[in-house]
Amino acid sequence: MDIIIRPAETCDFDSVVHILNQVQDLHVNWRPDIYKESKDFFSLDAFQDALDKEAFYVAESEHRIIGILELTYRHIEFPSMLTRDVIYIDTMAVDENYRGMGIGHHFFEMLKNLKKEKHFDGIELQVNAKNVAAYEMYKKYGFTEKSINMELL
């Protein structure tokens, strides 16, 4: 399967929302105490804003969007920390029919190149504790735990 990672375009919006809704359904199933069923949580305006910031990419195969990647570029500067510029993965998701086929690894390769091109210091993300498959994929690719979020309900 040929996979192309490219910047998203406005015409990709419906496909992006389709994949985001699949992810939302997973979150609702994992944590119904936090997430609610919703199909309207990502607007065209928010998508256009991400496009304007050059922060949204898609994985495409045979003219079909099969994965999405939303980024934030963060400049971290605190008196107690080293100053760093990181690429933060806000969302990375693959259409449920294409999971386990290496789409995430294609995104990671693109991100490694982007990091090098933009002279960033690292790539970071957060993963849902219930998403064991994603966690294992990140670890397999070389991500390590930086911190652990905890909650008290």
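Which helix and which strands do the buried residues of H2 pack against?

1. This note concerns a predicted model, in which local features need pLDDT of at least 70 and side-chain atom pairs count only at pLDDT 80 or more, while totals for chains, interfaces and linings use all residues. Residues are numbered from 1 along each chain as its sequence is written, and side-chain values use heavy atoms, with hydrogens and water left out.

2. In helix H2, which spans residues 44-52, the buried residues are Phe 47, Ala 50 and Leu 51 (buried means under 20% relative accessible area and exposed over 50%, with partly exposed in between, for a 1.4 Å probe and protein chains only). These three lie on the same side of H2, because they cover an arc of only 100 degrees around the axis, the arc being that of the directions from the helix axis to the C-beta atoms. Asp 45 and Asp 52, on the other side of H2, are exposed.

3. To return to the opening question, the buried residues of H2 pack against helix H1 (13-30), strand E2 (56-61) and strand E3 (64-76). Helices (H or I, at least four residues) and strands (E, at least two) are DSSP runs, numbered from the N terminus, and contact means heavy atoms within 4.5 Å.

4. The largest nonpolar core holds 23 residues, of which Leu 69, Leu 71, Ile 89, Ile 103 and Leu 111 touch the most other members; such a core is a set of buried Ala, Val, Leu, Ile, Met, Phe, Trp, Tyr and Cys residues joined through side-chain atoms within 4.5 Å. Its largest share, six residues, comes from H3. Apart from it lies another core, of 16 residues, which includes Phe 47 and Ala 50.
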